[in-house]
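Subject: the structure I promised

Hi,

Here is the structure I said I'd send over. Have a look at it first, and then read on for what turned up when I went through it.

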Amino acid sequence: MIPLELKSILLVDDDESTNFINKIFINKLNLDIQVNTALNGKQALDFLENDKSYGENVSFITPCLLILDINMPVMNGWEFLEAYEERVSKEIKDKIVIVMITISNDEKHAIEAKNNPNINEYIQKPLSDVKFESLINKYFLEKQL
């Protein structure tokens, strides 16, 4: 089941400047949503599991949209998805749209992403406000009509 309302986005990318720019793109859409970041798959899992070590002052809203980079240190996108499958409850998974992003042109990644049931979309970097708007319209706004 896809959530009807977008309340929170989690950007998972080890490049802080990419996260910063993606936040700007999201803010340009004038949405009243929470945007959080994680620098690797482990931080993203900790966030999803609402681990207090992620940060006491983070008000937790399960992200409806998770933007996941493939290549990251500590835990990459594929490793995150393996752990996500095992550790995150179906109740939480049902609330999250996962979009995998990469700068790579490797067709193998596109095929692997298409075959992964947890990935809703596979997109080439860089993202833009237009790409974010398209994703939001496709997975959230259209569902409300």
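Predicted model: local features only at pLDDT ≥ 70, side-chain atom pairs only at ≥ 80, totals over all residues.

**Overall layout**

The protein chain has six helices and five strands. Reading from the N terminus, the order is β-α-β-α-β-α-α-β-α-β-α. Of the 145 residues in the chain, 46% are buried. If you take the contacts between residues at least 6 apart in sequence, 67% of them join residues at least 24 apart.

In soluble globular proteins, nonpolar side chains tend to be buried together. Here the largest nonpolar core holds 23 residues, and Leu 66, Leu 68 and Phe 80 have the most contacts inside it. Two or more residues each come from strand 1, helix 2, strand 3, helix 3 and strand 4. Helix 3 gives the largest share, with five residues.

Setting aside neighbours within four places in sequence, Phe 80 is in contact with Gly 41, Ala 44, Leu 45, Leu 48, Leu 66, Leu 68, Met 75 and Ile 98. There is also another core, lying apart from this one, with 21 residues that include Ile 26, Cys 64, Ile 123 and Tyr 139.

**Helices 2 and 3**

Helix 3 covers residues 77-87, and its buried residues are Gly 77, Trp 78, Phe 80, Leu 81, Ala 83 and Tyr 84. What do the buried residues of helix 3 pack against? The partners are helix 2 (41-48), strand 3 (65-69), helix 4 (90-93), strand 4 and helix 5. The N-terminal end of helix 3 is capped by Asn 76, with a side-chain oxygen 2.9 Å from the backbone nitrogen of Trp 78. As for aromatic pairs, the structure holds one.

Helix 2 is mostly covered, with six of its eight residues buried. Those six are Gly 41, Ala 44, Leu 45, Asp 46, Phe 47 and Leu 48. The cover over them includes strand 1 (8-12), strand 2 (34-38), strand 3, helix 3 and helix 4. At the start of helix 2, a side-chain oxygen of Asn 40 comes within 2.9 Å of the backbone nitrogen of Lys 42. Just past the other end, Asn 50 takes a positive phi of about 55°.

**Backbone details in the loops**

Asn 30, in the loop between helix 1 (16-28) and strand 2, has a positive phi near 55° without being a glycine. Is Asn 30 buried or exposed? Asn 30 counts as exposed because its relative accessibility is 70%, over the 50% cut-off.

Val 74 is another non-glycine residue with a positive phi, in this case about 70°. Val 74 belongs to the loop between strand 3 and helix 3. With 63% relative accessibility, Val 74 counts as exposed.

Then there is a cis peptide bond, running from Lys 125 to Pro 126, with omega near 0°. Pro 126 is located in the loop between strand 5 (121-124) and helix 6 (129-144).

**Ser 104**

Last one: Ser 104 is in the loop between strand 4 (97-102) and helix 5 (107-115). Although it is a loop residue, Ser 104 counts as buried because its relative accessibility is 18%, under the 20% cut-off. A polar atom of the Ser 104 side chain lies 2.9 Å from the backbone nitrogen of Asp 106. Leaving out neighbours within four places in sequence, the contacts of Ser 104 are His 109, Tyr 122 and Gln 124.

Cheers

Note on methods
Residues numbered from 1 in each chain as written. Heavy atoms only, no water. Helix = DSSP H or I, 4+ residues; strand = E, 2+ residues; numbered from the N terminus. Buried < 20%, exposed > 50% of the residue type's maximum accessible area, 1.4 Å probe, protein only. Polar contact = N/O pair within 3.5 Å; in protein donor to acceptor, adjacent residues only side chain to side chain. Contact = heavy atoms within 4.5 Å. Phe/Tyr/Trp six-rings, centres within 6.5 Å; stacked < 30°, edge-to-face > 60°. Core = buried A, V, L, I, M, F, W, Y, C linked by side-chain atoms within 4.5 Å.
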